[in-house]
Amino acid sequence: MTDTTELPQLTKKDFASDQEVRWCPGCGDYAILANIQGVMPTLGFPKERIVFVSGIGCAARFPYYMDTYGFHSIHGRAPAIATGISSSRPDLKVFVVTGDGDALSIGGNHLIHALRRNVNMTIIMFNNQIYGLTKGQYSPTSELGKITKSSPSGSLDHPFNPVSLALGAEASFVARSVDNERAHLAEIIERAAAHQGTSFVEVYQNCNIFNDGAFDAVRGNKANQIRLEHGQPIRFGADHEYGVALASTGQLEIVEVADVGEGALLAHDAHGDDPGLAFLLSRLSHTPHGPTPIGVFREVARPVYGAELQGQIDDAITRKGPGKLEDLIAGPDTWDVS
């Protein structure tokens, strides 16, 4: 983290651009934007060293509203472009803002490879389970049977669970939060930004025009939020009367604490080398219609792609000396195509 002692004291207003924010009134994006603008001054980076990269979609307008450097790229390719920025300029703090359609449909391949490589970037995925910008088609996270303009008889596509997908790609930091959980989301963004490597944050975001209320079981109901805290027994409910335990089948189950005792509950381990238990937690609620885990699922240290890449370059220069482009072009490896 950058030493903040020599930096001017920044505020939330310093990170708000002069552009008019143009989302639908009541959209959950407003809450996420305000939260991230509020978190930025706490990160210890000057505005000139922060970059927001986006693809296409409602969420992709984000760089316009941040008074930092930004790049509004093309559909699904934000992780690839951010990889280039982060690898070539390791002094920059790189954020990717994307939606469930942008990240998991046309951008799915770019997303999983950024996660497995562990590029030093923070990916924040707004999940509203719908295509909002193009006016309400079903997305890769829409539930089975979803009736939309592009699926009038109901969607036949099995939805992605974004946290499960990120853990399957062995991302080194995986978390989930909710757009209107101000304190929780701020904490998650701070931790994700401080992580070295790729951090992936799914944010449940309400689209009040095309998919209103999709997350009401969790968004407005703290009793259904299974808040994960490393090292703590996993409990939830209005009075923490429920918990999560590991069944004899190897699966997780929801139990009543009064019946089994707190000692039978699973203690959350976000720092385990194997993502297996975190993956099981992600499967407790494939879609957010019941008790749903939020918080940090996994947070582990792995070699960072950009640093490893620079190490190879430095090693090659040490062994062979600085190279010349002319030597590469006119080198011995040629082909006669006549």
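So, to start with the second largest pocket: how many nonpolar, polar and charged residues does its lining have, by class? The answer is 6 nonpolar, 5 polar and 4 charged. In that count Ala, Val, Leu, Ile, Met, Phe, Trp, Tyr, Cys and Pro are nonpolar, Asp, Glu, Lys and Arg are charged, and the others, Gly among them, are polar.

Quick housekeeping. This is a predicted model, where local features need pLDDT of at least 70 and side-chain atom pairs count only at pLDDT 80 or more, while totals for chains, interfaces and linings use all residues. Residues are numbered from 1 along each chain as its sequence is written, and side-chain values use heavy atoms, with hydrogens and water left out.

Back to that pocket. The second largest pocket has a volume of about 210 Å³. By pocket I mean, on a 1 Å grid over the protein atoms alone, an open set of points with protein on both sides within 12 Å along at least five of seven lines; a cavity is a set of points where a 1.4 Å probe fits but cannot get out, and lining residues have an atom within 4 Å of a point. Grid points are joined across faces, edges and corners, and the volume is the space filled by probe spheres set on the points.

There are 15 residues lining the second largest pocket, and Gln225, Arg227, Arg235, Phe236 and His240 lie nearest its centre. Strands β7 and β8 each supply at least two residues of this lining, and β7 gives the most, with 3. Strands here are DSSP runs of E, at least two residues, and helices are runs of H or I, at least four, all numbered from the N terminus.

Stay with His240 for a moment. His240 sits in the loop between β8 (235-236) and β9 (242-246). Its phi is near 55°, a positive value in a residue other than glycine. The cut-offs are under 20% relative accessible area for buried, over 50% for exposed, and partly exposed in between, with a 1.4 Å probe and protein chains only.

Lys135 also has a positive phi for a residue other than glycine, near 80°. Look for Lys135 in the loop between β4 (121-127) and α6 (162-168). Lys135 is partly exposed, with a relative accessible area of 44%.

Next, Lys222, in the loop between α8 (216-219) and β7 (225-228). Lys222 is exposed, at 55% relative accessible area. Leaving out residues up to four places away in sequence, Lys222 touches Glu181 and Arg227, where contact means heavy atoms within 4.5 Å. You'll remember Arg227 from the second largest pocket, where Arg227 is one of the residues nearest the centre. The C-alpha atoms of Lys222 and Ala238 are 7.3 Å apart, although 16 residues separate them along the chain.

Now a lysine on the inside. Lys93, in strand β3 (residues 93-99), is buried yet has no salt bridge. A salt bridge here is a side-chain nitrogen of Lys or Arg within 4 Å of a carboxyl oxygen of Asp or Glu. The nearest side chain of opposite charge is Glu299, 11 Å away; Lys and Arg count as positive, Asp and Glu as negative, and His and the chain ends are not counted. Beyond its neighbours within four places in sequence, Lys93 is in contact with Phe45, Arg49, Ile50, Val51, Thr122, Ala193 and His195.

On to the largest pocket, at about 430 Å³. Of the 28 residues lining it, the closest to its centre are Gly57, Cys58, Tyr131, Gly132 and Leu133. Helix α4 (residues 100-106) gives the most to this lining, with 3 residues. By class, the lining has 13 nonpolar, 9 polar and 6 charged residues.

The whole structure holds 2 cavities of 30 Å³ or more. The largest cavity is about 70 Å³ and has 13 lining residues, with Asn127, Gln129, Pro162, Glu202 and His286 nearest its centre. The second largest cavity is about 50 Å³, and helix α10 (residues 276-282) gives the most to its lining, with 3 residues. That lining has 6 nonpolar, 1 polar and 1 charged residues.
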